[in-house]
Number of protein chains: 2
Amino acid sequence: MDTDDIIGEILDKIRPTEEERAFVESLMMELKAIAEETIESLGLDVKPHFVGSLAKDTYLAGDHDVDLFLTFPLDTPLEKLREKGLELGKAIAERLDLYEIAYAEHPYVRARYRGVKVDLVPCYDVKSWRDVRTAVDRSILHNRWVLENLGGRNDEVRLLKRFLKGIRAYGSEIYIRGFSGYFAEILVIKYGSFLEVLKNADFMLRQKIIDPGNWLKREYELAMKTVRREAEADKPLIVIDPVDPRRNVAANLGWEKYGRFYFKAYQFLESPGEEFFFPKGQEVEDYLAELRKKGTHLVTLAFDAPNLVEDVLLPQLERSARGFEKALSREGFNVLGWNVGRSSGKAFIMLEVDRRERERVKIKPGPEFFTERGWDFYRKNERVWIRGKRLFAEKRVKENVIDVITELIEKNQVGLGKGIREAIKGADVLLNYVPKELEDEAYLFLSREKWNLKG
Amino acid sequence: MDTDDIIGEILDKIRPTEEERAFVESLMMELKAIAEETIESLGLDVKPHFVGSLAKDTYLAGDHDVDLFLTFPLDTPLEKLREKGLELGKAIAERLDLYEIAYAEHPYVRARYRGVKVDLVPCYDVKSWRDVRTAVDRSILHNRWVLENLGGRNDEVRLLKRFLKGIRAYGSEIYIRGFSGYFAEILVIKYGSFLEVLKNADFMLRQKIIDPGNWLKREYELAMKTVRREAEADKPLIVIDPVDPRRNVAANLGWEKYGRFYFKAYQFLESPGEEFFFPKGQEVEDYLAELRKKGTHLVTLAFDAPNLVEDVLLPQLERSARGFEKALSREGFNVLGWNVGRSSGKAFIMLEVDRRERERVKIKPGPEFFTERGWDFYRKNERVWIRGKRLFAEKRVKENVIDVITELIEKNQVGLGKGIREAIKGADVLLNYVPKELEDEAYLFLSREKWNLKG
C-alpha cells in the first residue's frame, strides 16, 4: 500500500462518522442549555464556552471528552471565581449523571453525561494574553486561534494526533513530556499537512524557533525573552504561543519524545504502514527468559503508591531511581538501566543490575609491616600477609544486592524523592521476580522494547 | 614449657648425634681420599675443599649434603678450569654411586655416595676477594670466615636455620628470596645467639646495615658503593659480606620473607612453641568449600612446564600472573590474588577472581540523535533508544571469564613471561576446578594460609 492508501484507511478509522458528529453536536447543545439554565437560576454573569478538540472539531473518532469552560467577567475577584465557579459546576453536574471534584490550580467539577466525561472549569473571560490570570484562561484564546487558522485541515490534525499516539509521543503532561493537541494543531497550520509535518521533523529542530503568531515582529522584547529563557533551558523546540508571546507551547516537550517523533517520522516516510498509527500490542515475552538471555538481574522495589498525582509521583520515582543507580555503583553494582511507574495502586522502581552478588571478600591493603600502623593492622586482622613491604588482609563485605539495597535505605545513603521516601522504606525489594501485574512491564523494560526506536 | 625447655627439645632433634657425626666424618674422609687419589692419577694441581654446612659443622641432623670444591690454581685459564673441572668431577664420580651433570655458571657433577648428595664443584683457589673470578669461588672464603668467627655457637646457628625453615623463610634462591645458611651464621656471630637474633628483628631493620667485616672502615669507598647500590634497590637489609665488600649477603632477601621472620620472631618471643621449628602440616580443607564460602572464583591455567630451572621459571610465571591481573581488570574482572608454581611437571597460574561472568550486555552511549553520527548509530544498532538528547544501544559483550582469558591470550593482550608465552597459549584454562595434584595448593592459596602470618 502506498502512503495515500494508508492515510485513507487511517482516516476511515479516526474521522468521526456523521452519526457520531450528530451525537456530539446534540450532546454539546444539551450541555449548553443545561449550563445556561443553571447560570440563570443562580443569577450569575457567566458564559459557557466549549474548548478542546471537540470544540475545534479535531477530536478522534470515539474520543469525546468535553471541556466546558465557565467564563467569569475579568473584574471578578479570584476568591469569588473559585467559590462561585465550584458552586456553579456542582449545580450543573447535579443535572448530569455523576460527578466528582478534581484539583488543578483551582478545584473543578468532573462529571459524566451520556457516557462522556465532562469537565466543568471556571475561568476568566479573557480577550487577550494581557488578561490571562489563571492557567486555564488561555484555552479560550487557543480555541479561537485554531478555529480562525485551521482552514479545514481538521483531518490532518487527526492524522498527526493519531500518529503521535501510535508512536507514544502524545501528551504534554510533565510525566509524559510529549506533544499536546494544541501543538499538533499549530504544526499542521504551520506546515500545511500531516505529511509535511513529518517531512519537517529534522528542519524544525534545526530552525528551533516556530513563531506562527509573528511575535518576534509584533512584540520583539517579550518574545525574545521567551526564546532566551527556553533556549537556556535547552528545550528541543521553542514554539511561541500565537496567543501569548510569553509562553513556549512546546515547553513540556522532552528530547526523548521529540526523538521518537524524529525517527518514527523518518521510518514512516521511508516505509509507511498502519502500525505507526495503530501499533500492534507490543509482543510481550517472558521477562525471566529475557533476564537469562541477557545474564543480568532485575531488582524491583514495589510499594503502596502514596496519594500523589502522576505529575508529582513520576518525577519523584525517577529521582529515586537515579539515587539507587548512583548508590549501587558506589557499592560495586553496575546499573544498566532503570524503569519506574505505577500499576494498580503499586508504585515501582525497577533496576537492571549486572550481577546479583558482589564478592564476599575484599583484599584490604595495609601499611608497611615494620611501622606502628603495621602492628595495628597485624593485630586487628585475621588473615594477614605481606606483598612487597606492605601488609594485606581479607575483609568480608556485604554480599547480595538486596542486602546492599536494604542497608543503603536503612542508612539513608540513597538520594530519594521527598514525597516517597517513607513509602520506599517500606518497599518490598524483589530480586529476579515481579508480581504478576508487573510482568509485562518488566519484559518491556529489560528488552528495551519500551523505548526501542526500532521496536 | 618455657623458652629454654623448648630450645632444649628442639636441639635434641636437630643436633647430630655422635653416631651421625662419626658417619659424616668417615664420609668426608673417604671422599677426600677418593678425590685426592683421582687428582693424583690425573696429574692435576688441584686441592679438594669441603665447604657448606657440613664443613662448618652447622648442618642439621639428617641433612648431609656434601659440597666438595675442587680448587684450581689462580693462573688456570677459565676454559681449562671448566674443562678439567668437569673431567675431574666425572672421574671422581665414577668411583661413587651415580651422578649427573648439573648446570650453573659452569657445569658441575652432582653425585650420590652412601645415600648422600655430593656436589663436585670446580673453582679457583682464592685467598681474598680480589681473586674471586667465578660465582662459587667465594664459598671457600665464607667457610674460612665462619670457622674463624663462630666460636662454638654452632647449635645457635642450627636453631636459627631450623626456625627459618619452620617459618618458610629459608633459602636464598631467587624464587624463594629467603635467608641463606651463610646469612644465618653471620647473624648468630653478630648478635651472639639464636634468641638475640630474634630479639633484634626490628632493630636490624632500622639499622639497615650490618658490617661484620668492618669494611666501612677498611674499604670505605667500595663498601659505600655497595650500600648505595643496595639501598637504591630498596633491599630490606644490607649485609656487607665479611669476605667481600662488594657484596650484600642479603641481596636476595625479599621484604616478604623478612616480614615473615619479623612477625614470627615476635610471635615466638611472645609465646614460644615447637611448632615454629616444626610446623604441623598445614591443615588443608576442601578448596571448593573455601570458594563457596568466599563467593569468589578460581581460574587455573595449567600447562607443561617448559624445561627451565626454578630461578627462571618462577619469575616468568609471576610476571605472567601480573599480566593476567592487569588485563582482566581492564576487562571488568577483579583479581583478588594470584598464585604460581610447578607441581609434578605442570606449571600453573591461579587467579582468584570476583565473578565468573560479567554482564552479557553493556549499555553503549551514542551521539546526539539529530547528528550525522546519530544516524550512523541508529542504523548500526538493533535496540536503540533516547535518553535526554543522546542515543543509547545495547552491546553484547564476551561473557565468561574463561572466554575472556582465551580471547586475551589469542589476541596477545596479556603481558606474559617470555620463556613461557608459547606454553601458556596451550594451557588448559580451568574454572573452579583443579587437577587432583593441585587441590592442596588451591586451598592454601584461596584461604591465604599459604601466606597468612597468623597461620
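Is B:Glu196 buried, partly exposed or exposed? Select B:Glu196: at a relative accessible area of 32%, B:Glu196 is partly exposed. Here buried means under 20% relative accessible area, exposed over 50%, and partly exposed in between (1.4 Å probe, protein chains only).

The model is predicted: local features need pLDDT of at least 70, side-chain atom pairs count only at pLDDT 80 or more, and totals for chains, interfaces and linings use all residues. Residues are numbered from 1 along each chain as its sequence is written, chains are lettered from A and ligands numbered from 1 in the order in which they are written, and side-chain values use heavy atoms, with hydrogens and water left out.

A salt bridge is a side-chain nitrogen of Lys or Arg within 4 Å of a carboxyl oxygen of Asp or Glu. Both residues lie in helix α8 (residues 194-199) of chain B, three residues apart, about one turn of the helix. Helices (H or I, at least four residues) and strands (E, at least two) are DSSP runs, numbered from the N terminus.

Next, select B:Asp241 and B:Arg247, a salt bridge whose closest N and O atoms are 2.7 Å apart. B:Asp241 is buried at 0% relative accessibility, whereas B:Arg247 is partly exposed at 25%.

**Between the chains**

Go to A:Arg355 and B:Asp354, whose side chains form a salt bridge (3.5 Å, N to O). This pair crosses between chains, and each partner sits in the loop between β11 (346-353) and β12 (361-368) of its own chain. A:Arg355 is buried at 11% relative accessibility, and B:Asp354 is buried at 5%.

For a network of salt bridges, select A:Arg383, A:Glu394, B:Glu290, B:Lys293, B:Lys294, B:Glu352, B:Arg448 and B:Glu449. Over all chains, the structure holds 77 salt bridges.

**Annotated positions in chain A**

Select A:Asp65, A:Asp67 and A:Asp119, where an unreviewed UniProt entry places the feature "binding site". They are spread over 55 residues of sequence but cluster in space, with a largest C-alpha distance of 7.9 Å. UniProt positions are given in the numbering used here, feature names are shortened, and annotations may be inferred rather than shown by experiment. A:Asp65 lies in the loop between α3 (52-56) and β2 (66-72) and is partly exposed at 37% relative accessibility.

The "binding site" feature from UniProt (unreviewed entry) is also placed at positions including A:His142. A:His142 is in helix α5 (residues 138-149) and is buried, with a relative accessible area of 10%.
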